[in-house]
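This report looks at a pocket, a helix and a loop residue in one protein model. The sequence and structure come first.

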Amino acid sequence: PIKLVSVKITLTQNAKKIYSKIFEFSPEILLSTHYWNKILEIPFNGILSSTFGLMHVDVEIITTHNGKLRVTRNNNHRFTSKTSLKFFRSKTHLPAINNWVYGDAHTHSTYTEDQVEFGSPLSAAPKLCRAMGLSFFAVTDHSYDLDDTINNYLLNDPDIPKWKKLQFEIDRINLRENGFAI
């Protein structure tokens with residue numbers, strides 16, 4: 001297990017820093033679950049309220065592991081670039097038609113987990129989707145992942161516990177969400 005010390009988020013535009021915030025965790029958070037997550041919000045007010053166009057974001061995560069400090073920048077893959085992540089903020093909202101709902105028809109959750117890819121936690125998805133103007137998403141996890149045992153994606157379980165757990169979690173989230181559907 002590792003402990004989360006802090007997360008620093010820096011936004012730049014045209015090589016100029018426009019926002020920076022350090023989220024410190026005291027006491028440090030023990031990351032003991034497989035797909036621990038936390039949404040850190042960036043308020044688009046002040047200078048950011050009138051900032052549009054292409055921006056870059058850098059995320060620096062500081063953790064400790066066995067007493068050693070570790071700094072991760074943008075991703076934790078050893079042999080990949082640590083360059084900034086890019087996003088575009090438009091001055092206008094997405095086009096909309098009255099009485100239509102918008103969503104993502106292809107989304108993987110943490111129930112897709114294998115050597116090639118994995119998805120995000122379902123519990124975080126409604127808030128993240130709403131931030132993008134979406135009202136639903138479809139879970140399109142791989143069937144060959146959904147017949148695995150809970151803790152080992154290399155072993156199949158004929159009782160399909162991952163499939164059952166996925167259905168239960170979706171039902172639970174849909175019951176508590178108003179105006180959003182998985």
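In this predicted model, the second largest pocket has a volume of about 430 Å³. Its lining consists of 18 residues, and those closest to the centre are His-34, Tyr-35, Thr-110, Tyr-111 and Lys-165. By residue type, the lining of the second largest pocket divides into seven nonpolar, seven polar and four charged residues.

Helix H3 covers residues 161-176, which makes 16 residues. From its first C-alpha to its last, H3 reaches 23 Å, close to the 22 Å expected at 1.5 Å a residue. Buried in H3 are Lys-162, Leu-166, Glu-169, Ile-170 and Ile-173. These residues lie on the same side of H3 because they cover an arc of only 100° around the axis. In an α-helix there are 3.6 residues a turn, so residues three or four places apart point the same way. The face of H3 turned away from the buried side carries the exposed residues Phe-168 and Leu-175.

| Element | Residues |
|---|---|
| Helix H1 | 125-131 |
| Strand E7 | 136-139 |
| Helix H2 | 143-146 |

Ser-109 sits in the loop between strand E6 (103-107) and H1. Is Ser-109 buried or exposed? Its relative accessibility is 1%, so Ser-109 counts as buried. Leaving aside residues up to four places away in sequence, Ser-109 touches Phe-118, Gly-119, Ser-120, Leu-122, Val-139, Asp-141 and Leu-166.

Technical notes. Residues are numbered from 1 along each chain as its sequence is written. This is a predicted model: local features need pLDDT of at least 70, side-chain atom pairs count only at pLDDT 80 or more; totals for chains, interfaces and linings use all residues. Side-chain values use heavy atoms; hydrogens and water are left out. On a 1 Å grid over the protein atoms alone, a cavity is a set of points where a 1.4 Å probe fits but cannot get out, and a pocket is an open set with protein on both sides within 12 Å along at least five of seven lines; lining residues have an atom within 4 Å of a point. Grid points are joined across faces, edges and corners, and a volume is the space filled by probe spheres set on the points. Ala, Val, Leu, Ile, Met, Phe, Trp, Tyr, Cys and Pro count as nonpolar, Asp, Glu, Lys and Arg as charged, and the others, Gly among them, as polar. Helices (H or I, at least four residues) and strands (E, at least two) are DSSP runs, numbered from the N terminus. The expected span of a helix is 1.5 Å times one less than its number of residues. Buried means under 20% relative accessible area, exposed over 50%, partly exposed in between (1.4 Å probe, protein chains only). The arc is that of the directions from the helix axis to the C-beta atoms. Contact means heavy atoms within 4.5 Å.
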